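Open the model in your viewer and keep the selection tool at hand. The stops below go from pockets to cavities to aromatic rings.

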Amino acid sequence: MVSVKRERQIDVEEEDEVPKKIGRSQNEDDHRSRHCPYLDTINRSVLDFDFEKLCSISLSHINVYACLICGKYFQGRGLKSHAYTHSVQFAHHVFLNLHTLKFYCLPDNYEIIDSSLEDITYVLKPTFTSQHIASLDKQGKLYRAYDGTTYLPGIVGLNNIKANDYTNVVLQALSNVPPLRNYFLEEENYRGIRRPPGDIMFLLVQRFGELMRKLWNPRNFKAHVSPHEMLQAVVLCSKKTFQITKQGDAVDFLSWFLNALHGALGGTKKKSSIVTKVFQGSMRIFSKKLPHPDLPVEEKEALLIREEYQEKMSESPFLYLTLDLPTAPLYKDEKEQLIIPQVPLFNILAKFNGIMEKEYKTYKENFLKRFQLTKLPPYLIFCIKRFTKNNFFVEKNPTIVNFPVTNVDLREYLTEEAQATARSTTYDLVANVVHDGKPSEGAYRIHVLHHGTGKWYELQDLQVMDILPQMITLSEAYIQVRAAISNPPAKLVLAQYA
């Protein structure tokens, strides 16, 4: 492991160019810079900038260079540095500084200036103009990756490193929410946010922005992206609550990620962020404490008169709505085969009509609650509660939810005052996360709508295929993202959120 002192020495060598030490003139350097004889040795097919920018030998992140011939990362370029030694030992001469985006020829140690290398720097750090962002949802042009495969930007697979499909589907769902995506495609939107010294949570913001730009990059070398750096930030910032090597729950991750992103962007309960502007709605919660069921009738009646047992109302914000499935009975037909029960979406949405009551049990007390919506967000997230946990195991409810892909109207679940002021109450589906299989051994996939073509695609890790809208409704939907139909254009929405 290279010490900090050693890394600083390498840093000094960066500034003190070796050619000057051996007496070359500036003109000679300029000539070689623009006529490097080794550019044709670059192998773009091995270049992969999705992984953590660490030296493959010292594991340091300081002054890391990518060898453009073999794709490996090395530290420093001064004499005796790892990159210098690699260039001499393997005759690999072209390197890219992953931080400054400058190219160098080693061991001669001169900067290479050549416009033919611009495609490499763009893959490492894609940039988007306002005009480009505004056109993303207006066209469905296929782009050809360097490896020859064609792809639609935004509809690209994510590597499943070991057991991270539960994070992949959430990241892909969020990347297809235009105002959120557009905000993160332009780094200027959040670069100036100030965080306390030592705050690591802003790493989530940076890595999510980088991932969005890679997912929507029209000039990729390959038609898929690895979320490795993003997931490293998730593991670190969640204190290993969410891991790459262990299957997790997509709803748990979504809840944590949205709240963590909101906080990292400087958002609080009173101060908004792009996350709350896009997803946050509000509801009224009517809560009534219940006497213990084992008490005699007389005692129950006496308690119900007391103030603490009267119904109380509170207002609460939400980033997603949890929809409860009815308990799944096991029906059998004449052939003794199991039939999977089905329920209409509007049946489980009735939870928010302000009338339906549900009992909630805590360790000590029981409450009767009912809910009514007071504000709908531009993008509404439904989380269908498929899993119940008890002391022994996690049980999955396989009930199929029958839902319309378009035109889900939520007006009847709003209070009268909210109905009078609501801009739009009708929502179309834009992303549908599905869980297949058993609770602990299952797998995730996602259906996303490509706004430019109007077509639906199914993504499962690196697999991408088109799918008919009517096939989406047959799946065990777990998370849905829906867009209000009369949403203002994403550019206008962003202006409101600035």
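Domain bounds here come from an automatic or database domain assignment. On a 1 Å grid over the protein atoms alone, a pocket is an open set of points with protein on both sides within 12 Å along at least five of seven lines, a cavity is a set of points where a 1.4 Å probe fits but cannot get out, and lining residues have an atom within 4 Å of a point. Grid points are joined across faces, edges and corners, and a volume is the space filled by probe spheres set on the points.

The model is predicted: local features need pLDDT of at least 70, side-chain atom pairs count only at pLDDT 80 or more, and totals for chains, interfaces and linings use all residues. Residues are numbered from 1 along each chain as its sequence is written, and side-chain values use heavy atoms, with hydrogens and water left out.

**Stop 1: the largest pocket**

Select Lys53, His99, Arg207, Glu210 and Glu229; of the 31 residues that line the largest pocket, these are the closest to its centre. The space in this pocket is about 1100 Å³. Domain 1 (39-122) and domain 2 (126-265) each give at least three residues to the lining.

Now colour by secondary structure, where helices (H or I, at least four residues) and strands (E, at least two) are DSSP runs, numbered from the N terminus. Two or more lining residues come from each of α9 (188-191), α10 and α11. Which element gives the largest share of the lining of the largest pocket? Helix α10 does, with 7 residues.

For residue classes, Ala, Val, Leu, Ile, Met, Phe, Trp, Tyr, Cys and Pro count as nonpolar, Asp, Glu, Lys and Arg as charged, and the others, Gly among them, as polar. The lining of the largest pocket has 14 nonpolar, 7 polar and 10 charged residues.

**Stop 2: the second largest pocket**

The second largest pocket holds about 680 Å³ of space. Select Asp249, Asp252, Phe387, Lys389 and Tyr478, the closest to its centre among the 29 residues that line the pocket. The elements with two or more residues in this lining are α12, β12 (321-324), β16 (358-361), β18 (379-385) and β19 (387-389). Because domain 2 (126-265) and domain 3 (274-484) both give residues to the lining, the second largest pocket lies between them. By class, its lining has 12 nonpolar, 8 polar and 9 charged residues.

Stay with helix α12 and pick valine 251, which is found there. Valine 251 has a relative accessible area of 11%, so it counts as buried (under 20% is buried, over 50% exposed and in between partly exposed, with a 1.4 Å probe and protein chains only). Draw a C-alpha to C-alpha distance from valine 251 to cysteine 383: they are 6.9 Å apart in space and 132 residues apart in sequence.

**Stop 3: the cavities**

There are 6 cavities of 30 Å³ or more in the structure. Residues to select in its lining include Leu47, Phe49, Val123, Lys214 and His224. The lining divides into 5 nonpolar, 2 polar and 4 charged residues.

The second largest cavity has about 70 Å³ of space. Its lining includes His132, Tyr143, Trp216 and His450, and the classes there are 6 nonpolar, 4 polar and 1 charged.

**Stop 4: the aromatic rings**

Show the side chains of Phe, Tyr and Trp (its six-membered ring); rings pair if their centres lie within 6.5 Å, and planes under 30 degrees apart count as stacked, over 60 as edge-to-face and the rest as tilted. The whole structure has 19 aromatic pairs. Tyrosine 166 and phenylalanine 242 form a tilted pair, because their ring centres are 6.5 Å apart and their planes are at 35°. Tyrosine 166 is in helix α7 (residues 165-175) and phenylalanine 242 in the loop between α11 (228-237) and α12 (250-264), 76 residues apart. Both tyrosine 166 and phenylalanine 242 are buried.

Next, select phenylalanine 208 and phenylalanine 257, whose centres are 5.3 Å apart with planes at 70°, so the pair is edge-to-face. Phenylalanine 208 lies in helix α10 (residues 202-215) and phenylalanine 257 in helix α12, 49 residues apart. Phenylalanine 208 and phenylalanine 257 are both buried.
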